[in-house]
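I'd like to walk you through a structure, starting with its pockets and cavities and then moving to the overall fold and a few residues. Here it is on the screen.

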Amino acid sequence: MPLNPIESTIAPSPLYQQVKDHILEKIKSGKWKPDMKIDSENSLVKTMGVSRMTVNRALRELTAEGKLVRLQGVGTFVARHKPQTELLRIRSIAREIIERGGEHSCDIHLLQQEKISPKVASDMKLRLNMPVYHAILVHRDNGVPIQLEDRYINPVVAPDFLKQDFTRITPSDYLQAICPAMEVEHVIEAMMPDKWSRELLEISRAEPCLILHRRTWINSTVATQNRFIYPGSRHKIGSRFYPSCAT
């Protein structure tokens, strides 16, 4: 049967795209599951009958698209679906996890009053002789660490903060209930994690992280100074919103 004239003009996909399609089909079908190590470059070269350069390009592009994670000297793995944290609103990490069907748990590594450091005093506009509350927690989704929370709290706005059980309520939910923020500042940066962050998040030294810096105000008083660290392969940050004047 002769080909449709339109069909006959359609060129075949480039070889690297055929390799990408092959890998994506394995992932879509469930044969290659999240965190599973996929076939090696040599194996894909033999399976697809293409050059190593072609396979390498396909793997590089899929890694850049967030479909794969490549660890030098270890191999290439299927990336986990990355949940997304709101950028323009304050939302509890526990609520985000529960709403997408996960199970939230929390490890408390520090919860104490301490002498404020010069940097934190400057950031929070507090005097050096003032006390500050400090909390460090790791939030987990089905047992996997996805957020390291490093939070400083002005005792004036939340005097009973240290008395709370933060395995049952998150600091965000507690603070929003007793003293809702009136002004919020968000700054995002990427970094390679230090040893302390890697150990708490249970990640390798090759895993990049996203950091969300947040300051909140009540009237003119800085209420909290926070740093939330997310493993890059496990999380993303973003929002959808309606601008006041769309163009």
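Let's begin with the largest pocket, which has 20 lining residues; Val69, Glu207, Pro208, Gly232 and Ser233 are the ones nearest its centre. Please keep in mind throughout that this is a predicted model. The volume of this pocket is about 320 Å³.

Which strands each supply at least two residues of that lining? They are strand 1 (68-71), strand 7 (183-191) and strand 8 (209-218). Strand 1 gives the most, with four residues. If you sort the pocket lining by class, you get ten nonpolar, six polar and four charged residues.

How many cavities of 30 Å³ or more turn up in a search of the whole structure? The search finds two.

The largest cavity has a volume of about 130 Å³. Its lining is made of 16 residues, and nearest the centre you'll find Leu175, Gln176, Ala181, Thr216 and Thr224. Helix 7 (171-178), strand 8 and strand 9 (221-231) are the elements that give two or more residues to this lining. Strand 8 has the largest share here, four residues. By class, the lining of the largest cavity splits into nine nonpolar, five polar and two charged residues.

On to the second largest cavity, with a volume of about 90 Å³. There are 14 residues lining it, and Arg91, Ile93, Gln147, Ser172 and Phe228 are the closest to its centre. At least two lining residues each come from helix 5 (93-99), strand 6 (144-153), helix 7 and strand 9. The class count for the second largest cavity is four nonpolar, six polar and four charged.

Let's zoom out to the whole protein. It has eight helices and ten strands. Of its 247 residues, 40% are buried. Looking at contacts between residues at least 6 apart in sequence, 61% of them join residues at least 24 apart. The accessible surface is about 14,600 Å², with carbon and sulfur atoms accounting for 52% of it.

The structure contains zero disulfides. Cys106 counts as buried because its relative accessibility is 11%, under the 20% cut-off. Cys209 is buried too, with a relative accessible area of 1%.

Finally, a couple of backbone details. Most residues other than glycine have a negative phi. Asp35 has a positive one, about 75 degrees, and it is not a glycine. You'll find Asp35 in the loop between helix 2 (15-29) and helix 3 (41-48). Its relative accessibility is 42%, so Asp35 counts as partly exposed.

Lys125 also has a positive phi, near 60 degrees. Where does Lys125 sit? Lys125 is in the loop between helix 6 (118-124) and strand 5 (131-141). Is Lys125 buried or exposed? Lys125 is exposed, because its relative accessible area of 63% is over the 50% cut-off.

That's my tour, and I'm happy to go back to any part of it.

Terms used. Residues numbered from 1 in each chain as written. Predicted model: local features only at pLDDT ≥ 70, side-chain atom pairs only at ≥ 80, totals over all residues. Heavy atoms only, no water. Disulfide = S-S within 2.5 Å. Buried < 20%, exposed > 50% of the residue type's maximum accessible area, 1.4 Å probe, protein only. Contact = heavy atoms within 4.5 Å. Areas by Shrake-Rupley, 256 points an atom, 1.4 Å probe, with all protein chains shown as cover. 1 Å grid on protein atoms, 1.4 Å probe; cavity = no way out; pocket = protein on both sides within 12 Å on 5 of 7 lines; lining within 4 Å. Points joined across faces, edges and corners; volume = space filled by probe spheres on them. Nonpolar A, V, L, I, M, F, W, Y, C, P; charged D, E, K, R; others polar.
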